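Welcome to a short tour of a protein structure. Take a moment to turn the picture around before reading on.

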Amino acid sequence: MINKQQSSLYRLSISILAGFIGLTSFSCVSQDLIDGRYLINADDTVTDIETKLTWQRCSIGQRWDGRTCTGETAVFTWVYANKLGDDSWRQPTIAELRTLVYCSNNEQYGMQKDYKTCGDVESYQSPTINLQAFPNTPDGWYWSSTPYGDRTDYAYIVSFLYGFIDGYGKDNGGRVRLVQAKQ
């Protein structure tokens with residue numbers, strides 16, 4: 001049982017952490033960090049304290065109902081996906097999007113030869129994203145803003161089905177989760 005003094009100290013620690021990562025208006029729904037890194041904010045966003053990025057909790061096309069993301073995710077071509085957002089919200093780079101790949105077998109960020117980040121299919125959950133922080137995320141392709149090498153008709157994508165990172169034709173459909181970098 002946490003007493004009043006411990007609770008106050010805990011809230012102060014979270015506020016100091018928020019200031020450290022650059023959150024000027026800090027309103028947190030949960031005082032607990034998910035997996036020691038995700039802060040759930042009152043505005044239906046998630047702040048990753050490791051990367052200092054704030055993500056939309058739901059994919060574009062879904063909405064937060066107070067418990068989970070509901071509705072169908074929208075699918076966009078790469079060109080259209082890069083037009084989404086505003087002055088502060090934007091399409092993530094492949095490096096940023098890759099940080100959301102969650103491998104329940106603790107092989108996160110370990111690139112395999114076939115561009116899988118999570119190793120053997122049987123050894124982790126699918127979709128490969130933290131479902132507590134980002135509930136009801138489909139296991140399909142998500143666009144990054146990063147072009148795929150010299151291929152002008154391709155861009156990098158992440159598939160949360162297996163944690164794949166690969167190139168994908170820009171005219172194909174992909175899902176979107178926007179990001180915001182806190183200064």
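A disulfide is counted here when two cysteine sulfur atoms lie within 2.5 Å of each other. In general terms, a disulfide is a covalent bond between the sulfur atoms of two cysteines. The model you are looking at is predicted, and one disulfide is found in it. C58 and C69 are the partners, with 2.1 Å between their sulfur atoms, so the pair falls within the 2.5 Å cut-off. This bond ties together distant parts of the chain: C58 sits in the loop between β3 and β4, C69 belongs to strand β5, and the two are 11 residues apart. Which hand does the disulfide have? The torsion about the S-S bond of C58 and C69 is about -90°, and therefore the disulfide is left-handed.

Are these two cysteines buried or exposed? A residue counts as buried when its relative accessible area is under 20%. C58 has 9%, so C58 is buried. C69 is buried as well, at 0%.

**The whole protein**

The protein is built from three helices and nine strands, and their order along the sequence is α-β-β-β-β-β-α-α-β-β-β-β. Of its 183 residues, 43% are buried. Among contacts with a separation of 6 or more, 55% are made by residues 24 or more positions apart.

Let us look at strand β3, residues 53-56. In a regular strand, side chains alternate between the two faces of the sheet. In β3 both faces are covered: L53 and W55 on one side are buried, and so are T54 and Q56 on the other.

Which strands pair with β3? The table shows β2 and β9.

| Strand paired with β3 | Residues | Bridges | Direction |
|---|---|---|---|
| β2 | residues 45-48 | four bridges | antiparallel |
| β9 | residues 179-181 | three bridges | antiparallel |

Find W55 in the picture to see both pairings. V46 stands opposite W55 on the β2 side, while V179 is the bridge partner of W55 in β9. Strands β2 and β3 also form a hairpin, with four residues between them. In that turn, K52 has a positive phi of about 65°.

Key: Residues numbered from 1 in each chain as written. Predicted model: local features only at pLDDT ≥ 70, side-chain atom pairs only at ≥ 80, totals over all residues. Heavy atoms only, no water. Buried < 20%, exposed > 50% of the residue type's maximum accessible area, 1.4 Å probe, protein only. Contact = heavy atoms within 4.5 Å. Pairing = 2+ DSSP bridges.
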